[in-house]
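Subject: Structure handover

Hello,

Here is the structure I promised to pass on. Please open it alongside this note.

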Amino acid sequence: APPSHGGGRWFESTSAHQLSHPILSSRLRTIGVASLIAAVGFAVYAAASGTALPSPGELELLQQAAGLHEGRLRLFFQVADERWLQPIPVYLTALAALVAPAGSAARYATAAAGAIDVALMFVLAQRLFPRRLIPLGAALLLLVTPAHYVHARLGTDAIFVLPFVLTWLICLADYLRDGRTVSAVAGAFALGAGVYSQPAAPLTMMFLLVVTLAAMGASARLTARSAVISIGAFTVPLLLAAGWFAAHPQSYADTFGRWVIHAAHLRFPLDGVRALVNWTTLGTRVSLYWGFFDPSWLFFDGPAAPQALRGSAPFFLATLVLLVPGVRWTLTHASAGVKALLLGGVAVSPLAASTLGEPHAIHSAMTVVPMVLIVATAGVVTALSHGKRVWQALAWLAMAACAADFGVFYVSYWG
């Protein structure tokens, strides 16, 4: 039977020192490998970052980051009448500007975020699949998947949500395994901090908090104490926004008022409920939501408006092949908690984009990328563990197809 989500040693100890300190040795080796993966990821994503002129979105980040160096500190950044930027992309771009070439700071910041994603994907896959090479394969798959590759090279805010989501996934996987409160607190806090990563993040993180509680409940680890602690940890970073809006109430309407709850609906909640269940609005959002899961654009043709993907699909076609055994593993072999975590995470990822009225908006639903790839990785594990050689051959062929798909995508992207 395919291996379950359960624990197991990450690496075999090979020396007397390692045998006496297996946990420490395992963690140090994991940190070392993850750091090496991050370095490779940054080199890939930052390569030739100065060869193209900055896009309008990149210029917005660069201009606001330049303002920080002039001493104009703030929480949210207005770039047009109704358009504001979240703080994390701006502050990280300002940090990158200290070492990056002029005009490339935003791309260096996103390259760093993408590299961290790849390293965290390695750690997450280790938690779920205790096999030697599978975590490395999962990290490499994220590294080259078009949706991630493109946004890690594009100096805009889409990619910055993923380090927080991957940290949450790792912490919650730990909590579902051993029930340590610190893991639940760290995961919920990561979600709260990620609220400040991009406009779709506030809604997405709230939905993922619901997934957190559902996964805890499915694994029989949900108690009143764990629920209160998780919600409290999630709320702590939001106190920063509360203080900002108290001091600058006029900024709410075009930030959280546009991204989360309209200011008028705070004053009159029943109006908000009526707007939510309005049949026309609800129908439009449901249509956008189901349209997001259309395989024709996710794996074949890409979005109708090519935008950053330049006509490519967000995922490789070979990934779709791996999802078939991967979904079977998730439904039949994963624990109830991991099942709720992965399926719930995939289900809620497009909700914010649908609410904001954006069709096929992978840039506002980047949280779906690592979750889909984890399920695809489970497909590799399932096929390789199958007793029949045909399934093992299918796994190797699918992985070879992913490499070929990346070659085709790479030529198209740079052509």
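Below is what turned up, starting with the salt bridges and ending with one threonine.

Keep in mind that this is a predicted model.

Salt bridges first. Searching the whole structure gives six of them.

R258 pairs with E82 through their side chains, at 3.1 Å from N to O. This pair links distant parts of the chain. R258 sits in helix α13, while E82 is in the loop between β1 (77-78) and β2 (84-85). The two are 176 residues apart.

R258 also forms a salt bridge with D254, at 3.2 Å from N to O. Through shared partners, E82, D254 and R258 join into one network.

Another salt bridge joins the side chains of R127 and D174, at 2.6 Å from N to O. R127 belongs to helix α5 (residues 105-128) and D174 to helix α8 (residues 162-178), so the bridge ties together parts 47 residues apart in sequence. Both residues are buried.

Now the threonine, T255. Where does T255 lie? It is in the loop between α12 (238-247) and α13 (256-259). T255 is buried, with a relative accessible area of 0%. A polar atom of the T255 side chain lies 2.7 Å from the backbone oxygen of S251. Beyond its neighbours within four places in sequence, T255 is in contact with F76, W84 and F245.

Best wishes

Technical notes: Residues numbered from 1 in each chain as written. Predicted model: local features only at pLDDT ≥ 70, side-chain atom pairs only at ≥ 80, totals over all residues. Heavy atoms only, no water. Helix = DSSP H or I, 4+ residues; strand = E, 2+ residues; numbered from the N terminus. Buried < 20%, exposed > 50% of the residue type's maximum accessible area, 1.4 Å probe, protein only. Polar contact = N/O pair within 3.5 Å; in protein donor to acceptor, adjacent residues only side chain to side chain. Contact = heavy atoms within 4.5 Å. Salt bridge = Lys/Arg side-chain N within 4 Å of Asp/Glu carboxyl O.
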